[in-house]
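Open the model in your viewer and keep the sequence panel beside it. The stops below say what to select next and what is there.

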Amino acid sequence: MNDLIFSIYTKITDTTEKRSYNSIQFEKHFHRLRDGLKNYAEKICNADFKLLTPDSVKYDDLNIYKIQQWEKFCDEYDRVLYLDLDVIPNTKTNIFTKFDFNKFVTHFIPIDAVNERVGLRTKKETKEEFLIRAATEEYKEELEKLDEYHWLIKGLMKKDMMKADGVPLTQNVIINTGIFGGNHIARDQLKFSERMDECKKLIDSIKHIDKRYFYNNEVFASYIIDKYKVPVVDVPPHWHELVLTDTVDTRVKYSCLVHVITKDFDKVFNILDS
């Protein structure tokens, strides 16, 4: 099989304090991050590796761009996998033989405020205690402070898109596009670029509901998957381990693909090297 793993490295034009920090961390660890992806592709997966370096772009445009590039590469390769540059391979297993790339390969994030990892429930709260707090004005104020990239806001956006379109919500999940893949069959089932205008029109129709609603690649793809019943491989968490501030070391140590959301590469490399 003729396979490809690709990633992207570029400068973001709409910088924020967080993105500036991330940029510094990427620059500091660039060679090890790139070499890790390249070695995994070539030595473990017997695949080609490409690192795309487009001109500086806006953050949200870049996230659309990576899906569109995957669509194009599916014309050249039998199977294509995209990995964000902050993904660290930690396995000797070939992902192309592990999962069915005739389907869209991704990882679902459950949109549940009670979920400690993506919601607002604290480790000290029972579910019952959280539900009581969730009915208070203080909790509503906490929700209002979340930015547009928080999983709960993305989940609400997808729900409102489905409602505006008159389509029942069947999966209360959002995909994470830090890792995704598939072949031309998966691409032609998803039809991301073809359906993007539909998604944009829906967002425009619901922007009055919440000022944080915007054109987001993960929300678009999640809406398309749910509405059109696109066949998906939802990889288990250890094939897309999200490293958050409270992620325990053992989860990092024994995961196959480690997605360093925090950009604390020093800490993650120390764990993996130990």
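Helices (H or I, at least four residues) and strands (E, at least two) are DSSP runs, numbered from the N terminus. This is a predicted model, in which local features need pLDDT of at least 70 and side-chain atom pairs count only at pLDDT 80 or more, while totals for chains, interfaces and linings use all residues. Residues are numbered from 1 along each chain as its sequence is written, and side-chain values use heavy atoms, with hydrogens and water left out.

**Stop 1: H6 against H9**

Select residues 151-164 for H6 and 217-228 for H9; their axes come within 10 Å and cross at roughly 45°. This angle makes H6 oblique to H9 (under 35 degrees is roughly parallel, over 145 roughly antiparallel, 65 to 115 roughly perpendicular, and the rest oblique). Axes are lines fitted to C-alpha atoms, for helices over the stretch in contact, and angles run from 0 to 180 degrees between N-to-C directions.

Now show side chains. On H6 the contact (heavy atoms within 4.5 Å) is made by Trp151, Lys154, Met157, Lys158, Met161 and Met162. On H9 the residues are Glu218, Val219, Phe220, Ser222, Tyr223, Asp226 and Lys227. By class, this contact has 7 nonpolar, 1 polar and 5 charged residues. Here Ala, Val, Leu, Ile, Met, Phe, Trp, Tyr, Cys and Pro count as nonpolar, Asp, Glu, Lys and Arg as charged, and the others, Gly among them, as polar.

**Stop 2: H8 against H9**

The axes of H8 and H9 come within 10 Å and cross at roughly 105°, which makes H8 roughly perpendicular to H9. H8 contributes Phe192, Arg195, Met196, Glu198, Cys199, Lys200, Leu202 and Ile203, and H9 contributes Asn217, Phe220, Ala221, Tyr223, Ile224, Lys227 and Tyr228. These residues divide into 10 nonpolar, 1 polar and 4 charged.

**Stop 3: Phe192 and the cores**

Which residues does phenylalanine 192 contact, leaving aside neighbours within four places in sequence? They are Ile64, Ile67, Glu71, Asn217, Phe220, Ala221 and Ile224. Phe192 is also among the residues with the most contacts inside the largest nonpolar core, which has 52 residues; the others named are Phe6, Trp70, Val80, Met161, Leu190 and Phe220. Apart from this core lies another of 35 residues, including Val87, Phe96, Leu257 and Phe265. A nonpolar core is a set of buried Ala, Val, Leu, Ile, Met, Phe, Trp, Tyr and Cys residues joined through side-chain atoms within 4.5 Å.

**Stop 4: Gln69**

Glutamine 69 is in helix H2, residues 59-73. At 12% relative accessibility it counts as buried (buried is under 20% relative accessible area, exposed over 50%, partly exposed in between; 1.4 Å probe, protein chains only). Glutamine 69 touches Phe6 and Leu52, not counting residues up to four places away in sequence.

**Stop 5: two lysines with positive phi**

Next, select lysine 263, in the loop between strand E11 (257-259) and helix H11 (265-273). Lysine 263 has a positive phi of about 65° although it is not a glycine. Is lysine 263 buried or exposed? Lysine 263 is buried, with a relative accessible area of 9%.
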